[in-house]
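Here are a few notes to go with your first look at this one. Have the model open while you read.

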Amino acid sequence: MSIVFSAAATLSPRSRLLFPPLSFSHTYPTKFHRNGWHPSLSKSRTQPLITNSLLSDKFPTVGSLSTGPIPSTHLIEVVKTAAQTGAQVVMEAVNKPRNITYKGLTDLVTETDKMSEAAILEVVKKNFEDHLILGEEGGVIGDAASDYLWCIDPLDGTTNFAHGYPSFAVSVGVLYRGNPAAAAVVEFVGGSMCWNTRLFSATAGGGAFCNGQRIQVSATNQ
């Protein structure tokens, strides 16, 4: 059964008998229920129903409403510093031979992944030693009772990195009470012997930036 989320479920009386109404919390924790979304069944058993509420200009808020006791300006600076620190490790290794191992049949991991994550963790712990951290290589560490969760991908696109293909990045984000609060992505562009980077960053309610310049979606709606 396909499920999408809309402002109101539109089920016929017969459908209600066949498929009892679903509670949102059956799929996601209750704290994500802030926007009043409800599960809606698709007309097709394989294709989701896209309701008008999802196509309107009244999109629900995804980002955190607050960064908590930590000012957003301070939080995003630490996030950017952490991502850039990891990117420095990757940049030093990008033109050197790779020491590649496998986490799965096609899931590569290199020494650079581990070194980048270690460098990022050092920055985060130095600034917020009581925060919870989820790293791709090291798993979960820190205080499980913390309102803050850092999500770290020290080398996003390891397979591309291993083959010298210019589509990989270092990604660092932090959630406050389960909602995105701040994030930064250092993207590697160029190619062999001419690598460069650009930094994307954003805070909830504070806009998105690329190398410090504000960016936005296109104003073209058709």
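Which residues does Leu155 touch, not counting residues up to four places away in sequence? Point 2 has the list.

1. Some ground rules. This is a predicted model, where local features need pLDDT of at least 70, side-chain atom pairs count only at pLDDT 80 or more, and totals for chains, interfaces and linings use all residues. Residues are numbered from 1 along each chain as its sequence is written, and side-chain values use heavy atoms, leaving out hydrogens and water.

2. Back to Leu155. Its contacts (heavy atoms within 4.5 Å) are Val90, Thr110, Thr112, Asp113, Phe161, Phe168 and Ala169, with residues up to four places away in sequence not counted. Leu155 sits in strand S7, residues 148–156; strands are DSSP runs of E, at least two residues, numbered from the N terminus. With a relative accessible area of 1%, Leu155 is buried (buried is under 20%, exposed over 50%, partly exposed in between, using a 1.4 Å probe and protein chains only).

3. Now the annotation. An unreviewed UniProt entry marks Glu136, Asp153, Leu155 and Asp156 as "binding site". They spread over 21 residues of sequence but cluster in space, the largest C-alpha distance being 9.5 Å. Keep in mind that positions follow the numbering used here, feature names are shortened, and annotations may be inferred rather than shown by experiment.

4. Glu136 is in the loop between strand S5 (132–135) and strand S6 (139–141). Its relative accessible area is 39%, so Glu136 is partly exposed.

5. Cys151 is partly exposed at 27% relative accessibility, and Cys194 is partly exposed at 48%.

Conventions
Helices (H or I, at least four residues) and strands (E, at least two) are DSSP runs, numbered from the N terminus.
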